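Take a look at the protein chain shown here.

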Amino acid sequence: QVQLVESGGGLVQPGGSLRLSCAASGITLNYYAIGWFRQAPGKEREGVSCMNSSDGIIYYADSVKGRFTISRDNAKNTVYLQMNSLKPEDTAVYYCAADLPRSGYGCFPQDEYPYWGQGTQVTVSS
């Protein structure tokens, strides 16, 4: 069975950093499109950063561009989200997702991602 497990969330002060991890089993992430999404209280879930397997183009939401970095370690079958200069508005539950192998730029519609993790809470205090 396919499973994605996020880790690395926690409480951090504004300006601090966290690195989220998403470990996969049942699929090889190198062959899949990967996305990080987040859902803040009272808001809809939004795409944060997405990296597709067939090209080197990486998408970042305008709100995180220059602060967040997505990467993957194929040997560990794990994808990461490095978050720097965190702001209170970054507070959310962060999810990783994997899509069937295909090309394209940006995050695909969320209902097209068949595999999701359970989420990890990131809280940036004021």
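## A charged network

E46 is partly exposed, with a relative accessible area of 35%. Here buried means under 20% relative accessible area, exposed means over 50%, and partly exposed lies in between (1.4 Å probe, protein chains only). This is a predicted model: local features need pLDDT of at least 70, side-chain atom pairs count only at pLDDT 80 or more, and totals for chains, interfaces and linings use all residues. Residues are numbered from 1 along each chain as its sequence is written, and side-chain values use heavy atoms, with hydrogens and water left out.

Which residue does E46 meet in a salt bridge? The partner is R38, at 2.9 Å from N to O. A salt bridge is a side-chain nitrogen of Lys or Arg within 4 Å of a carboxyl oxygen of Asp or Glu. R38 is buried, at 5% relative accessibility.

## D90 and its two partners

R38 also forms a salt bridge with D90. Their closest N and O atoms are 2.9 Å apart. D90 sits in the loop between β8 (78-83) and β9 (92-99), while R38 is in strand β4 (residues 33-39), so the pair ties together parts that are 52 residues apart in sequence. Strands (E, at least two residues) and helices (H or I, at least four) are DSSP runs, numbered from the N terminus. D90 is buried, with a relative accessible area of 0%.

D90 forms a salt bridge with R67 too, and there the closest N and O atoms are 2.8 Å apart. This pair also links distant parts of the chain. R67 lies in the loop between β6 (58-60) and β7 (68-73), 23 residues from D90. At 10% relative accessibility, R67 is buried. Put together, R38, E46, R67 and D90 are linked in a network of salt bridges. The structure holds four salt bridges.

## The whole chain

How many helices and strands does the protein chain have? There are zero helices and eleven strands. The radius of gyration, taken over C-alpha atoms, is 14 Å. The globule rule (2.2 Å times the number of residues to the power 0.38) also gives 14 Å for 126 residues, so the chain is as compact as a globular protein of that length. Along its principal axes, the C-alpha trace spans about 40 × 25 × 25 Å.

Buried residues make up 43% of the 126 residues. A contact means heavy atoms within 4.5 Å. Of the contacts with a separation of 6 or more, 60% are between residues 24 or more positions apart. The accessible surface comes to about 6400 Å², and 47% of it belongs to carbon and sulfur atoms. That area comes from the Shrake-Rupley method with a 1.4 Å probe; for residues, only the protein chains shown count as cover.

The chain has 10 positive and 11 negative charges, and their mean positions are 6 Å apart. Lys and Arg count as positive, Asp and Glu as negative; His and the chain ends are not counted. Each charge is placed at NZ of Lys, CZ of Arg, CG of Asp or CD of Glu.

V2 lies in the segment before β1 (3-7). V2 is partly exposed, with a relative accessible area of 25%. V2 and W116 are 114 residues apart in sequence, but 9.2 Å apart in space from C-alpha to C-alpha. Leaving aside neighbours within four places in sequence, V2 is in contact with S25, G26, I27 and Y115.

S21 is in strand β3 (residues 18-25). Is S21 buried or exposed? S21 is buried, with a relative accessible area of 16%. Beyond neighbours within four places, S21 has contacts that include V5, E6, W36 and Y80.

Most residues other than glycine have a negative phi. N77 has a positive phi of about 55° although it is not a glycine. N77 lies in the loop between β7 and β8, and is buried at 16% relative accessibility.

S85 is not a glycine either, and has a positive phi of about 50°. S85 lies in the loop between β8 and β9. At 40% relative accessibility, S85 is partly exposed.
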